[in-house]
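Please look at the sequence and the structure before reading on.

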Amino acid sequence: MALIRFDHLTKRYGPVHAVDDLSVSVEPGKITGFLGANGAGKSSTLRMLVGLTEPTSGTATIDGRPYRALPNPTRSVGTMTDSAVFHPRRSGRDALRVLGTMCGAADRRADELLEIVGLADAGRRKVGGYSTGMRQRLGLAAALLADPATLVLDEPANGLDPAGVLWLRRLLRGLADQGRTVLVSSHILAELEHTVDDVILIDHGRLIAHGPMSDLLTRRRAATLEELFFDLIADGACS
Amino acid sequence: MTAMLRAETLKLRTVLMPRMMLALAVLGGGSLTGVVVATAHHDGTAVTGTDLATAAAQPLWFLAVIVAVLSTAGEFQHRTIHSTLLQIPRRGRLLAAKTLVAAGYGAVLTAAGTIAGLTVGLLTMRLTGVPLPGLDLHLLATIAGTIVLGALWAVLAAGLGMLARSTAVALVALLLWRFVLEGILPSLITRPDLRPWLPSGTADAVLSSRADLPWPWIAALIFTGYAAVLTWAGAHRFHHWDA
C-alpha cells in the first residue's frame with residue numbers, strides 16, 4: 001500500500017508562504033488527519049500532492065513518484081478537493097460516468113458508488129439541484145471510482161449532517177482497515193477527533209506536530225484535539 | 001488518448017447545450033437556405049449549388065463556436081477542470097483531446113446544418129419549378145470547405161476559451177473582434193485591403209471565388225494559422241495555471 005511523503009515542500013504566493021518547508025510522511029492502513037485553521041496551508045499542500053498546483057520547491061510523492069508521473073493516477077489516488085467541481089446541468093450519474101471513462105471504470109461502477117454513498121435515488125437528477133451534503137457524497141464517490149489504494153480528501157465532512165458525518169467515519173474506517181492510505185484534512189478539529197489514528201497539525205504553512213493522536217494527547221496532557229492544537233500553537237512547538 | 005476522446009465526447013453528450021445547438025443547426029440551416037431560395041425565386045435571380053451550400057455557413061460556424069468555447073472555458077466556470085485534471089494531469093494531452101473533440105463537433109454540426117440546408121433548398125427549388133443545380137466538383141469542394149471551416153472555427157474558439165477561462169469574456173471578445181474590430185481596423189490604419197486577411201475575412205475567402213480575395217487554399221492556411229496561434233496561447237496559459 002502507498003506511502004505519501006512531503007519533502008521540504010514549499011509554496012509561496014508572492015511574499016506569502018502558504019506552505020513552508022513541510023516534511024512529513026503518511027502511513028498506509030491508517031486514517032491520518034491533516035489539521036489546521038483556515039488558511040493554514042492544508043488545501044495548498046493537498047493540491048500540490050495531486051499535481052493541481054506546482055510547488056515553489058520541495059516534493060510531494062506517492063510511493064516515491066509525483067502524482068503527474070503515475071501511469072493512471074486515479075487508479076492509485078482518489079482525491080476529493082471540494083464539492084463544487086461538478087457541472088450543475090449534468091446528472092450525478094453522468095458526472096461519474098464521465099470521470100469513469102477517463103480512468104477506465106465501467107458505468108456499473110458509477111451505479112455501485114451511488115449506492116455506497118447513498119445517492120442511488122438521486123443519481124439521475126442534475127447536480128445543480130443537490131444539497132451541499134449530496135455534493136460531498138458525490139465527491140467521495142468520484143474519489144472512490146477507480147478503487148484507489150490511497151485517498152486524499154479535503155474537508156470531506158463539510159456540509160454533511162450528523163448522520164452523514166457518522167456515515168463518513170464508518171466509511172473511512174472501513175477503507176483504512178482494508179490497508180488503504182487515508183489522508184483527510186479538516187479545520188474542524190472535533191469533527192475528526194473520533195475518526196483519525198494519526199494527526200499532522202500545521203499552522204501558517206509550517207508543521208507543528210505529527211504522530212499518533214493518542215501519543216500526542218498523552219504527551220501534551222491534552223484532553224481533546226482542540227486543546228492539543230491551541231496548546232501547540234501557544235508553544236510554537238514542533239514534535 | 002482514446003479514453004480522453006471518449007470522455008470529452010461524453011461531456012458534450014451529457015449536457016443539453018451541444019444537443020440543442022445541433023438541433024438548432026439542422027432547423028436553422030434548413031430554414032435559412034429555404035428563405036434564400038424563396039427570396040431568389042421572388043426576385044427572379046439564379047441560385048447556384050454554392051449558394052445553397054454556404055447560405056447558412058456563418059450562423060452554423062457561430063453555433064459551433066459557442067459550444068467549443070463552453071467546452072473549454074466552461075470547465076473553468078463550473079470548476080470541473082479540477083476533477084478533469086485529477087484524471088488527466090498531463091495538460092498537453094488533455095488540451096489535445098479537447099481540441100480534437102471540439103473540431104469533430106464543429107464539423108458534425110456544420111455538416112448537419114449544411115445537409116439540412118441543401119435538402120430544404122433543393123426541395124424548395126423543385127416545388128417552385130426552378131431548375132436544380134448539378135453536383136460538380138466545385139460544389140463538393142464548397143461543401144467540404146464549409147465543414148472544415150466549421151471544425152477550424154471550433155478549434156479557434158476552444159483555444160480562445162482556454163485563454164479567457166470565461167465563456168462570457170471569450171464570446172464577447174469574439175463578437176467584438178468579428179463585428180467591430182475587423183470592421184474598423186482596416187479603416188483605422190487606412191488599409192481597406194487588409195480585411196480579407198483578418199480571421200473571418202480569410203474564412204469567407206476560403207469559400208469565395210472572387211478575384212480580389214486571397215486564393216482559397218492560402219486563405220485556409222492563414223485561417224488555420226489563426227486557430228493554431230489561439231490554441232498555442234490557450235495551451236501556454238493553461239500550462240502555467242495553478243488549479
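How are H3(A) and H5(A) oriented to each other? The model is a predicted one. In it, the axes of helix H3 (residues 92-103) of chain A and helix H5 (residues 132-144) of chain A cross at roughly 25 degrees and come within 10 Å. Angles under 35 degrees count as roughly parallel, and H3(A) and H5(A) are therefore roughly parallel to each other. Their crossing is right-handed. On the side of H3(A), the contact is made by Gly92(A), Leu96(A) and Leu99(A), and on the side of H5(A) by Leu138(A), Ala141(A) and Ala142(A). Of the residues in this contact, five are nonpolar, one is polar and none is charged.

Chain A also has an open sheet of six strands with mixed pairing, and the strand order is E5-E6-E7-E3-E8-E9. Strand E5 (77-80) and strand E9 (206-212) of chain A are the edge strands, each pairing on one side only. From one strand to the next, the twist averages 15 degrees.

E5(A) pairs with strand E6 (residues 150-154) of chain A in the parallel sense, over four bridges. Thr79(A) has Val152(A) in E6(A) as its bridge partner.

A helix lies against part of the sheet. Helix H9 (residues 225-235) of chain A lies across strand E3 (31-35), strand E8 (198-203) and E9 of chain A, and runs at about 40 degrees to E8(A).

The table lists two of the angles given above.

| Pair | Angle |
|---|---|
| H3(A) and H5(A) | roughly 25 degrees |
| H9(A) and E8(A) | about 40 degrees |

Notes:
Residues are numbered from 1 along each chain as its sequence is written. Chains are lettered from A and ligands numbered from 1 in the order in which they are written. This is a predicted model: local features need pLDDT of at least 70, side-chain atom pairs count only at pLDDT 80 or more; totals for chains, interfaces and linings use all residues. Side-chain values use heavy atoms; hydrogens and water are left out. Two strands pair if DSSP finds at least two bridges between them. Helices (H or I, at least four residues) and strands (E, at least two) are DSSP runs, numbered from the N terminus. Axes are lines fitted to C-alpha atoms, for helices over the stretch in contact, and angles run from 0 to 180 degrees between N-to-C directions. Contact means heavy atoms within 4.5 Å. Angles under 35 degrees count as roughly parallel, over 145 as roughly antiparallel, 65 to 115 as roughly perpendicular and the rest as oblique. A crossing is left-handed if the near helix is turned anticlockwise from the far one by less than a right angle, and right-handed if clockwise. Ala, Val, Leu, Ile, Met, Phe, Trp, Tyr, Cys and Pro count as nonpolar, Asp, Glu, Lys and Arg as charged, and the others, Gly among them, as polar.
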